[in-house]
Amino acid sequence: PAQTSKQASPTSHRASIDGRAMIVGRLSSSLSLVLSLLGPQLVDAGCPDVASFRTEAVISSFDPALVKGLWYEHRYKDPAQALASCQTINGTLNGNILKMDFSVRYGLIPFTIQEIYTPVDPPQLGVYSKGVNEPGGQFVKLQTAFVDVKVGADGLYEQFSVYSCISALGLPVEEVIFATRSRVPDEAELDQMMQLALKQGVPFKVESLSKVDHSKCPTAAAPVALSLLV
């Protein structure tokens with residue numbers, strides 16, 4: 001006789017896998033857990049001085065309050081975003097702490113992780129230590145700098161580029177993000193953003209950046225809470 005198999009709940013199983021994949025991806029890509037065991041002397045080795053990549057617009061007048069609101073990521077270098085799509089960022093400010101809700105989709109499953117930007121000490125405009133508000137997030141500390149920003153007609157920033165780095169055994173694991181307020185970017189302006197970042201010394205190749213296509217993404221999608229228990 002034919003045998004029947006009991007299938008797990010597809011939605012909950014997929015959500016659990018996708019949620020864990022995002023957390024594990026961000027942790028493993030930076031090898032932060034390994035670094036926490038090997039000692040702080042290795043954390044800064046291998047990464048460049050992220051503050052040195054900032055343009056004068058950031059050095060002289062960066063204002064995190066102008067980052068608030070919805071952003072669309074368009075180009076990136078980040079191994080932790082493997083298999084993700086429809087990347088958006090929503091910025092909020094709590095005192096001097098910048099919180100960035102980074103939302104993606106894995107197939108049909110939406111997922112959001114909150115990244116916490118804490119100003120460095122002593123403070124430098126646009127320079128942060130970035131972590132994540134998730135289990136294990138205390139081990140993820142990326143040196144981060146806003147490379148460039150541009151103010152839009154509404155007084156908020158309308159585009160930004162940001163570079164982050166954490167070192168694993170002396171080797172840098174890097175993130176580069178180019179984002180704007182527009183779902184469909186002006187390609188000429190996007191190219192100018194990338195060329196300016198290269199001029200500032202940010203280590204990446206334009207042809208190696210991944211591209212986000214928002215044309216097939218929902219215009220709005222509420223993130224779902226996923227179980228991260230292991």
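**Confidence and cross-links**

Tutor: The chain has an average pLDDT of 82, and 74% of the residues score at least 70; pLDDT is the predictor's confidence in each residue, from 0 to 100. This is a predicted model, in which local features need pLDDT of at least 70, side-chain atom pairs count only at pLDDT 80 or more, and totals for chains, interfaces and linings use all residues. Residues are numbered from 1 along each chain as its sequence is written, and side-chain values use heavy atoms, with hydrogens and water left out.

Student: Where is the pLDDT below 50, and how many contacts does the model have there beyond near neighbours in sequence?

Tutor: A contact means heavy atoms within 4.5 Å. Over residues 11-21 the pLDDT is also below 50, but that stretch has 14 such contacts. Where pLDDT is low, the predicted coordinates should not be read in detail.

Student: Changing topic: how many disulfides are there?

Tutor: The whole structure contains two disulfides, a disulfide being a pair of cysteine sulfur atoms within 2.5 Å. In general terms, a disulfide is a covalent bond between the sulfur atoms of two cysteines.

Student: Which parts of the chain does the C47 and C165 pair link?

Tutor: C47 and C165 have their sulfur atoms 2.1 Å apart. C47 sits in the loop between helix 2 (32-38) and helix 3 (56-61), and C165 in strand 7 (residues 157-168), 118 residues apart. Helices (H or I, at least four residues) and strands (E, at least two) are DSSP runs, numbered from the N terminus.

Student: Why is that disulfide called left-handed?

Tutor: The torsion about the S-S bond of C47 and C165 is about -85°, and therefore the disulfide is left-handed.

Student: And what does C86 join to?

Tutor: C86 is bonded to C217, with 2.0 Å from S to S. The link of C86 and C217 is left-handed, with -90° about the S-S bond. C86 belongs to strand 2 (residues 85-94) and C217 to the segment after strand 9 (210-211), so the pair ties together parts that are 131 residues apart in sequence. With the bonded cysteines numbered in sequence order, the pairing is 1-3, 2-4.

Student: Is C217 buried or exposed?

Tutor: C217 is buried, at a relative accessible area of 9%. Buried means under 20% relative accessible area, exposed over 50%, and partly exposed in between (1.4 Å probe, protein chains only). C86 is buried as well, at 13%, and C165 is buried at 0%.

Student: What about salt bridges: how many does the search find?

Tutor: The search finds five salt bridges, each a side-chain nitrogen of Lys or Arg within 4 Å of a carboxyl oxygen of Asp or Glu. One of them pairs R75 with E187, whose closest N and O atoms are 3.1 Å apart. R75 is in strand 1 (residues 69-77) and E187 in helix 4 (residues 187-199), so this pair ties together parts that are 112 residues apart in sequence.

Student: Are those two buried or exposed?

Tutor: R75 is buried, with 12% relative accessible area, whereas E187 is partly exposed at 41%.

Student: What else does Y128 pair with?

Tutor: Y128 also forms an edge-to-face pair with F146, at 6.1 Å centre to centre and 75° between the planes. Y128 is in strand 5 and F146 in strand 6 (residues 142-151), 18 residues apart. Ring pairs link F62, W71, Y117, Y128, F146, Y157 and F160 into a cluster.

Note on methods
Phe/Tyr/Trp six-rings, centres within 6.5 Å; stacked < 30°, edge-to-face > 60°.
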